[in-house]
Amino acid sequence: MSDPMTGERKRMREPGTCVVDIASGELTGATNRYAKTLADLAGVYEDEAAYRAMLEKMAGTVVYEVTSYTPSNDAGDMIIGVTRMLPGKIGREFFVTRGHIHARANRPEMYYGESGRGVLLLESPGGDIRTVAFGPRSVCYVPPFWIHRTVNVGPDPLVMTFAYPADSGQDYDIIVKSGGMRSRVVDDGKGGWTVADNAAYRPRSAETVAAILAQTE
Ligand SMILES: [Fe+2]
């Protein structure tokens, strides 16, 4: 007779725990890590001269870093991680992550604010914009099909925990192809933030939008 535990041992993964270190903005015990410098964000910001000036000051500085616990990339599994973003502005525009839509576009995401003040900037394939402001202890829901990017609108590092289905993947090109996201999060001149139109934005075709929304697996 076959041992029923043999099949189980192949199927099961071990539970785990990681500690969110807010001071360092890292997930202790992370299995994966990547970092972005300002040089990695060429073409993202509207004010090219301000970008080049900041690049000279911040050459090599990590502007955001992601540490994650990635047990697998299997359907049905989950990736948990922490993002830490420096505060700052390029001209009037607050520091942002590159942003993406999930390669499997119908996958959602959760963000939990640990410290700092952030805004999630979301864009539907058809070009609708939403902003979700968050701070410590906020839980944010990113529904399927939304392009999403994080913005640090505060004076301090922004640290947040996230979780998403392990087979989501990230498509960064969708933003590049449209000349950026439709809106930018900018300083309102009164200590807060507001959204401004991105003049370089090129809407997606109806065919492209339909193809994205047709994803079901
Ligand atoms: Fe995502």
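**Terms and their cut-offs**

Author: The structure holds 3 aromatic pairs, and one of them is the stacked pair of Phe162 and Tyr164. Please keep in mind that this is a predicted model, in which local features need pLDDT of at least 70 and side-chain atom pairs count only at pLDDT 80 or more, while totals for chains, interfaces and linings use all residues. Residues are numbered from 1 along each chain as its sequence is written, and side-chain values use heavy atoms, with hydrogens and water left out.

Reader: Why is the pair of Phe162 and Tyr164 called stacked?

Author: Rings of Phe, Tyr and Trp (its six-membered ring) pair if their centres lie within 6.5 Å, and planes under 30 degrees apart count as stacked, over 60 as edge-to-face and the rest as tilted. For Phe162 and Tyr164 the values are 5.7 Å centre to centre and 20° between the planes, so the rings pair and count as stacked. Tyr111 forms one aromatic cluster with Phe162 and Tyr164.

Reader: What makes Arg98 a charge over a ring?

Author: The rule asks that NZ of Lys or CZ of Arg be within 6 Å of the ring centre and within 35 degrees of the ring normal. The charged end of Arg98 sits over the ring of Tyr172, 4.1 Å from its centre.

Reader: How do you know that Glu46 forms a salt bridge with Arg92?

Author: A salt bridge is a side-chain nitrogen of Lys or Arg within 4 Å of a carboxyl oxygen of Asp or Glu. The closest N and O atoms of Glu46 and Arg92 are 2.6 Å apart, so the pair meets the rule. Glu46 is in the loop between strand S3 (32–37) and helix H2 (48–58), and Arg92 is in the loop between strand S6 (89–90) and strand S7 (93–94), 46 residues apart; here helices (H or I, at least four residues) and strands (E, at least two) are DSSP runs, numbered from the N terminus.

Reader: Which salt bridge does Glu46 form with an N to O distance of 3.8 Å?

Author: That one is with Arg184. Because Glu46 lies in the loop between S3 and H2 and Arg184 in strand S14 (residues 183–187), the pair ties together parts that are 138 residues apart in sequence. Glu46, Arg92, Glu93 and Arg184 are linked in a network of salt bridges, and by this rule the count comes to 11 salt bridges.

Reader: Why is Arg184 called buried, and why is Glu46 called partly exposed?

Author: Buried means under 20% relative accessible area, exposed over 50%, and partly exposed in between (1.4 Å probe, protein chains only). Arg184 has 8%, and is therefore buried, whereas Glu46, with 34%, is partly exposed.

Reader: What makes the site of the iron ion irregular?

Author: Donors are N, O and S atoms within 2.8 Å of the metal (3.2 Å for Na, K and Ca), and water is not among the atoms, so sites may look incomplete. The iron ion is coordinated by His100 (NE2), His102 (NE2), Glu109 (OE) and His148 (NE2), at 2.0 to 2.3 Å. Four donors count as tetrahedral if all angles lie between 85 and 135 degrees; four count as square planar and six as octahedral if opposite donors are over 155 degrees apart and all others between 65 and 115; anything else is irregular. The angles among the 4 donor atoms run from 83 to 165°, and the site is irregular.
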